[in-house]
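User: Hey, I've got this one open and I'd like to talk through its charges and packing. Can you walk me through it?

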Amino acid sequence: MTPLKYGNLQLKNNLVAAPLAGISNRAYRVLCKRYGAGLTYVEMLKVESFLHHNRKTMTLKYYREDERPVGIQFAGNNPAWLAEACRMAQDEGYDTVDFNMGCPVPKIGKCGAGSALMAYPERAAKCMEAMVSAVSIPVTVKIRAGVNDNCMNFLDIGRMAQDSGMVAITIHPRTRAQSFTGLANHALTGELKAALSIPVIASGDVKEPEDALRVFSQSNCDGIMIGRGCWGRPWLFREIDETLAHGRVVTETPDALERLAVLREHFEMLLESFDARRASQVVRRYATWYIKDIPGSAQFRALMTRVDSREEFHEVLDEVTEHFERAVGIPEDEFVGRRPMLATA
Ligand SMILES: Cc1cc2nc3c(=O)[nH]c(=O)nc-3n(C[C@H](O)[C@H](O)[C@H](O)COP(=O)(O)O)c2cc1C
């Protein structure tokens, strides 16, 4: 399979980690990349917040060189502002910019942005043209199937995107009205792929390597974007990559102890972006994802959702780790994975 190319940006494979508001912070992106994502995105930003440099935006858009290639995503409906934001993003060194026409949340929709903009194709086209002509880095767009069952205009918007110079398009084939209910209909992804010559990336409900194989063969898409499927298991990217290359997962799926070690590292990386108290609050949701598939972990989940300091996080994680070390019979002094990190706690 030919690796994805966004204009002049060559990716190492066909797998993209989705931009996720409230989730795709630096720690998350670094782990997605380490385990095989070919491209990651910082969290979606409202174009106004980005232009006005508000304090929260400064944290959200923080990335480091070792993350490359890294993209940024804007939601908005003002062509001039979007163009200016693209120029700033280019100056700030982002490798690519995505335009969000998929977000269904009211906070974005009431500003006429996100998937709400799909109801106004002419305005959408002006935004896309302004963004593309403002910069030399690749500009892409992410859309939904349409606004609702009576307005499934993904093909029209897709053609407009291509005509405006967008170098790739991602489709999450649910309507705005569906939000996250039902299933992503990747037959629609296939229709979009057949109608366009730019790369088409499929987003929605890829949770296992088999889902990726099914979506690729059903839609003939060029790449897959993964959101919820890799929460607490960033190695899903590697497993899909291996399945595409060899027809099966080659590297063993991390066991309980390795998952817990990755969670500990995830927390340490959150400390690069947040103070210790905030990091321990932010880590709660990730922690429950990392441990939810571990048999016998239910008793620890509630503890994880209450951690409120760096010390508490390490205490709870030590307890969970010791529980599973005993379960797999590893002698205490032979398991070194967590000691160096504990020393810094
Ligand atoms: C909590 C959450 C936040 C999201 N934030 C964004 C976002 O900022 N930008 C975006 O384009 N899509 C966003 N999405 C949509 C995902 O990128 C993706 O299209 C959707 O979840 C379907 O893919 P999945 O089944 O792999 O999660 C978000 C989804 C969720 C659940």
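User: How many salt bridges does a search of the whole structure find?

Analyst: The search turns up 23 salt bridges. A salt bridge here is a side-chain nitrogen of Lys or Arg within 4 Å of a carboxyl oxygen of Asp or Glu. Before we go on, this is a predicted model, where local features need pLDDT of at least 70 and side-chain atom pairs count only at pLDDT 80 or more, while totals for chains, interfaces and linings use all residues. Residues are numbered from 1 along each chain as its sequence is written, and side-chain values use heavy atoms, with hydrogens and water left out.

User: Fine. What does Glu67 pair with?

Analyst: Glu67 and Arg29 meet through their side chains in a salt bridge, 2.6 Å from N to O. Glu67 sits in the loop between helix 3 (55-60) and strand 6 (70-75) and Arg29 in helix 1, so the pair ties together parts that are 38 residues apart in sequence. Helices (H or I, at least four residues) and strands (E, at least two) are DSSP runs, numbered from the N terminus.

User: Are those two buried or exposed?

Analyst: Glu67 counts as buried because its relative accessibility is 2%, and Arg29 is buried with a relative accessible area of 1%. The cut-offs are under 20% relative accessible area for buried, over 50% for exposed and partly exposed in between, with a 1.4 Å probe and protein chains only.

User: Which residues are linked in a network with them?

Analyst: Arg26, Arg29, Arg64, Asp66, Glu67 and Glu272 are linked in a network of salt bridges.

User: Where does Asp222 come in?

Analyst: Asp222 forms a salt bridge with Lys193, at 3.0 Å from N to O. Asp222 is in the loop between helix 9 and strand 11 and Lys193 in helix 8 (residues 186-195), so this pair ties together parts that are 29 residues apart in sequence. Asp222 is partly exposed at 22% relative accessibility, whereas Lys193 is buried at 17%.

User: And what about Glu208?

Analyst: Glu208 bridges to Arg233, with the closest N and O atoms 3.1 Å apart. Since Glu208 lies in the loop between strand 10 (200-203) and helix 9, and Arg233 in the loop between strand 11 and helix 10, the pair ties together parts that are 25 residues apart in sequence. Glu208 counts as partly exposed at 34% relative accessibility, and Arg233 as buried at 14%.

User: Switching to helix 10: which residues are buried there?

Analyst: In helix 10 (residues 236-246), the buried ones are Leu236, Phe237, Arg238, Glu239, Ile240, Glu242 and Thr243. Their cover includes strand 3 (15-17), helix 1 (26-34), helix 9 (209-219) and strand 11 (223-226), with contact meaning heavy atoms within 4.5 Å.

User: What follows helix 10?

Analyst: Gly247 comes after helix 10, and its phi is positive, near 80 degrees.

User: Okay, Asn153. Where's its place, and what does it touch?

Analyst: Asn153 is in the loop between strand 8 (139-146) and helix 7 (154-164). Not counting residues up to four places away in sequence, Asn153 touches Met118, Pro121, Ala145, Gly146 and Val147. Asn153 is buried, with a relative accessible area of 10%.
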